[in-house]
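This report describes selected packing features of one protein model.

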Amino acid sequence: MRAGAFLYPWDVNGDPAAPDRLADLGLAQVTLAAAYHSTRALTPRHPRHRIVTAAHAATLYPPDPARWRGRALAPRPAGDWAPGDAHAEAAKALADSGLAVHSWVVLAHNSRLGADHPETSVVNAYGDRYPWAPCVGQDAVRALLVDLAAEAAVRPGAAGTELESCGWYGLAHLHAHDKTAGVPLDDAAQYLMSLCFCPSCREGYAAHGAEPGALAAAVRAALEPVWRGAPAGALEPGLAAAALTRRLAAARALQEQAVAAVRAAAPPGFRVLLHADPVPYRCGANAGTDPAHILSVADGVVTPAATVAPFAAHAHARTVLAANLPVVTGMGGSPHTLTEDAKRAAAEGATELRLYHAGLASDADLAAVREGLRSLR
């Protein structure tokens with residue numbers, strides 16, 4: 001089973017030993033970040049640093065001035081954590097060691113955009129903005145993300161791309177000093193807290209037959225039990241249907257447009273995968289999708305091993321179903337059960353593996369990965 005691992009350019013650049021170390025694991029591919037959100041990342045083997053702080057969402061290459069000149073919404077280049085064309089530099093080093101490189105593009109997760117342009121952010125039913133979550137129901141936001149997908153995906157040396165957050169982002173977010181877990185939120189409460197009420201979404205709800213003020217009031221009423229420790233209530237069916245229809249249409253538009261834009265910019269044979277969840281209303285890095293629809297649009301998906309089966313039910317001969325397995329022990333991963341986990345994912349329909357994350361893993365984790373992939377061969 002073909003295995004790939006996620007990686008940042010700063011895991012490679014400045015560390016001449018990194019490419020051969022990764023190739024020695026038995027990987028066929030590296031999914032290398034080309035556009036990424038803010039983060040603070042460990043680099044446990046790098047000869048020059050141990051922590052990299054990416055201060056804001058950025059392209060890890062120089063964005064094309066001709067594409068973005070005069071546009072109010074445009075991506076920001078990275079600072080000193082990924083200078084120059086960091087992606088191209090790392091991609092060449094990896095390719096020289098025999099590894100295929102696919103770009104890793106984060107789209108609707110961008111706190112810098114929310115800080116610079118607050119009007120682009122998701123607004124919940126209480127009027128609170130989520131600056132990390134661009135509203136994909138806004139035409140201007142979708143235009144930015146579609147063009148970013150086309151530019152960041154087709155980087156020099158990339159044979160394919162994996163688009164993360166290609167859909168709605170919501171409340172759930174690994175934010176700096178996050179303090180939102182005091183009241184547990186189940187799936188329904190997460191969804192209600194993630195519904196957007198920016199002007200564009202209010203217009204969208206109205207177009208689908210839901211008065212936006214009434215919908216916002218209903219959402220707040222449904223959430224009221226949650227703050228007392230009880231489950232969320234249900235929305236009236238007509239309001240619920242209007243809200244969901246609006247959101248699914250916006251997410252689907254972004255997904256279709258982003259994939260089409262990447263394909264238009266890419267050479268023949270370039271693979272386009274989405275990080276995806278099989279439940280359409282879900283938010284986050286694994287964007288909610290309709291499995292049958294998304295597999296008619298993209299070449300496949302990257303999804304947690306536990307959610308492979310719903311996609312497998314709609315797969316065809318060339319569909320790529322990459323099971324995402326966490327292999328960093330300190331982040332809840334289990335590299336020592338990689339062989340068993342991979343076989344279980346294959347039984348569910350997975351055709352490939354993605355390992356999160358080769359740059360963050362300890363030496364012991366990487367040794368377990370090497371042994372697990374050897375066992376699978």
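In what follows, contact means heavy atoms within 4.5 Å. The model is predicted, and every value below is computed from it.

Helix H3 spans residues 86-96, and its buried residues are Ala86, His87, Ala88, Ala90, Ala91 and Leu94. An α-helix has 3.6 residues a turn, so residues three or four places apart point the same way. Just after H3, glycine 98 adopts a positive phi of about 90 degrees.

**Two helix pairs**

Two packed helices are described by the angle between their axes and the distance between the axes. The table lists these values for two pairs.

| Helix pair | Crossing angle | Axis distance |
|---|---|---|
| H7 (residues 199-207) and H9 (residues 237-265) | roughly 120 degrees | within 9 Å |
| H6 (residues 187-194) and H8 (residues 212-227) | about 135 degrees | 10 Å |

At roughly 120 degrees, H7 is therefore oblique to H9. The crossing of H7 past H9 is right-handed. On the H7 side, the contact is made by Ser200, Cys201, Gly204 and Tyr205, and on the H9 side by Ala242, Ala243, Arg246 and Arg247. By class, the residues of this contact comprise four nonpolar, two polar and two charged.

For the other pair, the angle of about 135 degrees makes H6 oblique to H8. H6 passes H8 in a left-handed crossing. Here Ala189, Leu192 and Met193 of H6 meet Val219, Ala222, Leu223, Val226 and Trp227 of H8. The contact of H6 with H8 consists of eight nonpolar residues, with no polar and no charged ones.

**Histidine 275**

Strand E10 (residues 271-277) contains histidine 275. Is histidine 275 buried or exposed? Its relative accessibility is 4%, and buried means under 20%, so histidine 275 counts as buried. Leaving aside residues up to four places away in sequence, histidine 275 touches Phe6, Trp104, Glu162, Leu163, Glu164, Ala285, Asn286, Ala287 and Val302.

Methods. Residues numbered from 1 in each chain as written. Predicted model: local features only at pLDDT ≥ 70, side-chain atom pairs only at ≥ 80, totals over all residues. Heavy atoms only, no water. Axes fitted to C-alpha atoms, helices over the stretch in contact; angles between N-to-C directions. Helix = DSSP H or I, 4+ residues; strand = E, 2+ residues; numbered from the N terminus. Parallel < 35°, antiparallel > 145°, perpendicular 65-115°, else oblique. Left-handed = near helix turned anticlockwise from the far one by under 90°. Nonpolar A, V, L, I, M, F, W, Y, C, P; charged D, E, K, R; others polar. Buried < 20%, exposed > 50% of the residue type's maximum accessible area, 1.4 Å probe, protein only.
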